[in-house]
Amino acid sequence: MTAPLRVWAPFASRVDLVLPATDATEPMAADVGGWWAASRSLPPGTDYAFSLDGGPPRPDPRSPWQPAGVHGPSRTFDARAYSWSDDGWAGRDVRGAVVYELHVGTFTPEGTLDAAVGRLDHLADLGVDMVELMPLAAFGGRHGWGYDGVALWAVHEPYGGPAALQRFVDAAHARGLAVCLDVVDNHLGPSGNYLGEFGPYFTDQHQTPWGAAVNLDGDGSAEVRAFVVEKALRWFRDFHVDALRLDAVHALVDDSPRHLLAELSDAVSVLARELGRPLSLVAESDANDPRTVTPTRGAFQGRTGYGMTAQWADDVHHALHTLLTGERQGYYVDFGTPETLAKALTGVFVHDGSWSTFRGKPWGAPVPDDMDRRRFVVCSQNHDQVGNRALGDRPSRVLTPGALAVSAAVVLLGPFTPMLFMGEEWGATTPFQYFSDHEEPELAAAISRGRAAEFGGHGWADLYGADVEVPDPQALSTFKASRLDWDEASSEGGARMLELYRGLVGLRRSEPAVASGGGTSVRVQDGAVVMTRTGSGGPGGSGGCVDVVLVVEEGPVSVVVERDGDPAHVVLDTGVVLGGAAAVVEGRDGAVVVTVRGPGVVVLR
């Protein structure tokens, strides 16, 4: 039996428990603090809902299971019933891990968590350490990105529901893979959002891009904050996940003395000690603020830290993408030179208090030199940077294999925590477009119109070479086009690219200068960017030095790399692997001359 049901509904004068199977209605007893309690427990698998003041039945705000969709009744779920096999799992901190982001609905043809289990061996063979699942919270319709979830404690039924998530995590741990779950607490979607009927979950005192903000500092906010914190602890405790990626934390507007993120960080730290394994929180933030990853017991520029384990660092992506593609539209306007990439690779944030042309004001703050760079998650592709383009096209649409190799080497051999986006490892050409499946006609039409209008003035004709028709998010064809084509991985070009990625990940694991998280210096020389990683002599290894020579121009470029001690030798010659760029290493007066026919990359030890 599950515990007796309780619900927070401080504005209601009467709350009834509704049992659809028998059409029964049972009054609930008022409790302290605006809570209401049922008189009895319900067996696992029982459908139920709540009626407020005689109104229509609504799903539980803390519903663990929504098998009939976000408008239907909730269903009880006993999370303790699953027989776990991961007792030996020691956990994995996100810092320094090779992270792999995937969307369950398009990762496999079936689009389920159980089907995704069948591809975990591929990820383990690639060398992935942590699988990041795009949001699973129940949302309107069958398919979507998941950032419009409304039943935030439930797992989307078309993906398999809560039991399937437990099976997926258990299977991942059996292969040595940690699991990160992407969660969205800064807003709810438009379809099935009934939280406001139950209590003051939202406030007009703050605004976000999605409307009224979540109430984190007004009347009734203590229970709203508890709703967020307890949900996070539940994913760690009942579903054994290892990390949470927190969407757009800059939209969690909180003027209270102690920010929600700090409260969440401290609560997760307590649970980690109880469970005896590391638990990580990864923040997506547009603020470029090191305070995000400053411990709650510390301070940055006089402000108490938020205590996040890591945060996304989009400036590294922007600097790399613009240099390779030549794109400068929108928020890319301040990026695009080798010097900008050099700044991102050493300082993390390009906008570190400097002027942001796109925002029209100074932005960000500098990252302290002694702050662990593994606290910053970087990528060359992710769901946003691909999916928010007009056509959802990947860099493989315009970049040569050699240029893609440059991109991979920067991400995987740099000082940060690297993240790959599903299919990137074989140079996938399938797009990842924005798609939705709302059943309400007016909402569906509004989303279709809004997506087309959003991209109407972005100058896509200059980028794509012709006027483009933005794919309709509500069209089934948009969703189907975004599914990975796994046959590409075994094609000649895909197999070579996959070999490259395996080699880079293997080098990251085996070379102390990369794996130990040592220092990084970057210089621009003769048309190339040279990134040097100096090892700190981590456990089981000595120091050392790895030079990554990146050439983004066409034609041959020669670079002199100064060396001390033993002669350098090629560890990984990506030119040979990709068959596109030639690389030659030869000694000259104690130095090494590297000639790369770009775009391409060569790695020297």
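**View 1. The second largest pocket of the predicted model holds about 690 Å³ of space.** Lining this pocket are 21 residues, and those closest to its centre are Ala-3, Arg-62, Phe-77, Trp-153 and Arg-234. Helix α6, which spans residues 221-239, gives the most to this lining, with 5 residues. Sorted by class, the lining of the second largest pocket is made up of 10 nonpolar, 2 polar and 9 charged residues. The model shown here and in the views that follow is a predicted one.

**View 2. The largest pocket has a volume of about 1700 Å³.** Its lining is formed by 50 residues, and nearest the centre of the pocket lie Trp-210, Asp-384, Asn-388, Arg-451 and Glu-454. Three helices, α8 (314-325), α10 (383-387) and α12 (441-454), each supply at least two residues of this lining, and α12 gives the most, with 6 residues. In terms of residue class, the lining of the largest pocket divides into 21 nonpolar, 18 polar and 11 charged residues.

View 3. The structure holds 8 cavities of 30 Å³ or more. For the largest cavity, the lining consists of 17 residues, of which Ser-380, Gln-381, Pro-395, Leu-404 and Ser-407 lie nearest its centre. The elements that give two or more residues to this lining are α8, α11 (401-413) and α15 (492-510), with the largest share, 4 residues, coming from α8. Helix α8 also supplies at least two residues of the lining of the largest pocket. The lining of the largest cavity comprises 9 nonpolar, 7 polar and 1 charged residues.

**View 4. Strands β3, β2, β6 and β7 form an open sheet.** The 4 strands follow the order β3-β2-β6-β7, and their pairing is antiparallel. At the edges of this sheet are β3 (24-27) and β7 (74-75), each of which pairs on one side only. In a regular strand, side chains alternate between the two faces of the sheet.

**View 5. The hairpin formed by β2 and β3 has 4 residues between its strands.** Strand β2, residues 15-19, is joined to β3 by 4 bridges, and the two strands run antiparallel. In the turn of the hairpin, Asp-23 has a positive phi of about 60°.

**View 6. Tyr-331, Val-333 and Phe-358 form a nonpolar patch on the surface.** Together, Tyr-331, Val-333 and Phe-358 have about 270 Å² of accessible area. Of these residues, Phe-358 lies in a loop, namely the one between β18 (355-356) and β19 (361-362).

Definitions and conventions
Residues are numbered from 1 along each chain as its sequence is written. This is a predicted model: local features need pLDDT of at least 70, side-chain atom pairs count only at pLDDT 80 or more; totals for chains, interfaces and linings use all residues. Side-chain values use heavy atoms; hydrogens and water are left out. On a 1 Å grid over the protein atoms alone, a cavity is a set of points where a 1.4 Å probe fits but cannot get out, and a pocket is an open set with protein on both sides within 12 Å along at least five of seven lines; lining residues have an atom within 4 Å of a point. Grid points are joined across faces, edges and corners, and a volume is the space filled by probe spheres set on the points. Ala, Val, Leu, Ile, Met, Phe, Trp, Tyr, Cys and Pro count as nonpolar, Asp, Glu, Lys and Arg as charged, and the others, Gly among them, as polar. Patches are made of residues with over 30% relative accessible area and no salt bridge: like charges are joined within 9 Å, nonpolar side chains (Val, Leu, Ile, Met, Phe, Trp, Tyr) within 5 Å. Accessible areas come from the Shrake-Rupley method with a 1.4 Å probe; for residues, only the protein chains shown count as cover. A salt bridge is a side-chain nitrogen of Lys or Arg within 4 Å of a carboxyl oxygen of Asp or Glu. Two strands pair if DSSP finds at least two bridges between them.
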